[in-house]
Amino acid sequence: MSNDFPDVPDTPDNDAPIQEPRLWQGNGWTARVIKNDDDEGWAVAMIKDGEPEPALVGPWTMGRDKKNPKPLDVNAFNTLVKTANEVIRRHEQQLHAQLHKNVFVNTDDGGQIKVTLDIVPDEDDPYAMLSAFDVYGEEIAKVRVVPTFKLSVTSATTWIDNEYRKPQ
């Protein structure tokens, strides 16, 4: 059955983002205002599309009646999206820093060797790759080591002095 207005759909658009006072979707995110179990207030959870857990949960402002939460709006939602994206970015940077480390070792000829440790956190077989690079970025050596290998200038120097043999 069709209507007389071609620009107006016969059925509601099920793909349209929800934009309600306590639930707002858009830009790959869902904001959900929830009761804060810890106190009398409210919280907002920011969930990235496709993720099972919120990336961010924070306090939410009370409304004028001091009982119900302030309704979500486009400006608040956009601010929440920006904040949640920043939280994810910081988490990714922290994870990268934990899995990828490097030090520089001065050589006798006045040059430097960059030594990197890249941890592969595989569930079944975690390991790390220890690599050495010259000043031009060319790889000099690479060995597989245990993921708990502690990279320091001292351990890198010892590896270099041992002609890049696998550390024990």
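**Figure 1. Thr30 has Ile47 of strand 3 as its bridge partner.** The model is predicted: local features need pLDDT of at least 70, side-chain atom pairs count only at pLDDT 80 or more, and totals for chains, interfaces and linings use all residues. Residues are numbered from 1 along each chain as its sequence is written, and side-chain values use heavy atoms, with hydrogens and water left out. Strand 2 and strand 3 (residues 42–48) pair in the antiparallel sense, over seven bridges. Strands are DSSP runs of E with at least two residues, helices are runs of H or I with at least four, and both are numbered from the N terminus. Two strands pair if DSSP finds at least two bridges between them. Six residues lie between strand 2 and strand 3 in their hairpin.

**Figure 2. Strand 1 and strand 2 form a hairpin with two residues between them.** Asn27 sits in the turn and has a positive phi of about 55 degrees. Strand 2 covers residues 29–35 and runs antiparallel to strand 1, joined to it by four bridges. Where does Gly26 find its bridge partner? It is Trp29, in strand 2.

Figure 3. Angles run from 0 to 180 degrees between N-to-C directions, and axes are lines fitted to C-alpha atoms, for helices over the stretch in contact.

**Figure 4. Another open sheet has four strands in the order 5-6-7-8.** Its pairing is antiparallel. Why is one side of strand 5 and of strand 8 left without a neighbour in the sheet? Both stand at the edges, each with a single partner strand, so one side of each has no neighbour there. Neighbouring strands of this sheet are turned by 15 degrees against each other on average, direction ignored. Strand 6 and strand 7 share seven bridges in the antiparallel sense. Val115 stands opposite Ala132 of strand 7. Strands of a sheet pair through backbone hydrogen bonds, either parallel or antiparallel.

**Figure 5. Two helices lie across strands.** Helix 1 lies across strand 5 and strand 6, at about 50 degrees to strand 5. Helix 2 lies across strand 5, strand 6, strand 7 and strand 8, and it runs at about 65 degrees to strand 5.

**Figure 6. The largest nonpolar core has 19 residues.** A nonpolar core is a set of buried Ala, Val, Leu, Ile, Met, Phe, Trp, Tyr and Cys residues joined through side-chain atoms within 4.5 Å. Buried means under 20% relative accessible area, exposed over 50%, and partly exposed in between (1.4 Å probe, protein chains only). Val115, Leu117, Leu130, Val145, Leu151, Trp159 and Tyr164 touch the most other members. At least two core residues come from each of strand 5 (100–106), strand 6 (112–120), strand 7, strand 8 (139–145) and helix 2 (153–161). Strand 6 gives the most, with four residues. A second, separate core of 15 residues includes Trp29, Leu56, Leu80 and Val81. In soluble globular proteins, nonpolar side chains tend to be buried together.

**Figure 7. Ser131 is buried in strand 7.** Strand 7 spans residues 127–133. The relative accessible area of Ser131 is 3%. Neighbours within four places in sequence aside, Ser131 is in contact (heavy atoms within 4.5 Å) with residues including Lys114, Thr116, Glu139 and Trp159. Leu130, with such neighbours again left aside, has contacts including Val115, Phe149, Trp159 and Pro167.

**Figure 8. There are two aromatic pairs.** Trp24 and Phe77 form a tilted pair, 6.3 Å centre to centre, with 35 degrees between the planes. This pair links distant parts of the chain: Trp24 is in strand 1 (residues 23–26), Phe77 is in helix 1 (residues 74–99), and they are 53 residues apart. Trp24 is buried at 10% relative accessible area, and Phe77 is buried at 2%. The rings of Trp159 and Tyr164 have centres 5.0 Å apart and planes at 90 degrees, so this pair is edge-to-face. Trp159 is buried too, at 2% relative accessible area. Rings of Phe, Tyr and Trp (its six-membered ring) pair if their centres lie within 6.5 Å; planes under 30 degrees apart count as stacked, over 60 as edge-to-face and the rest as tilted.

**Figure 9. Two charges sit over rings.** The charged end of Lys35 is over the ring of Trp42, 5.2 Å from its centre. Arg144 lies over the face of Tyr127, 3.8 Å from the ring centre. A charge sits over a ring if NZ of Lys or CZ of Arg is within 6 Å of the ring centre and within 35 degrees of the ring normal.
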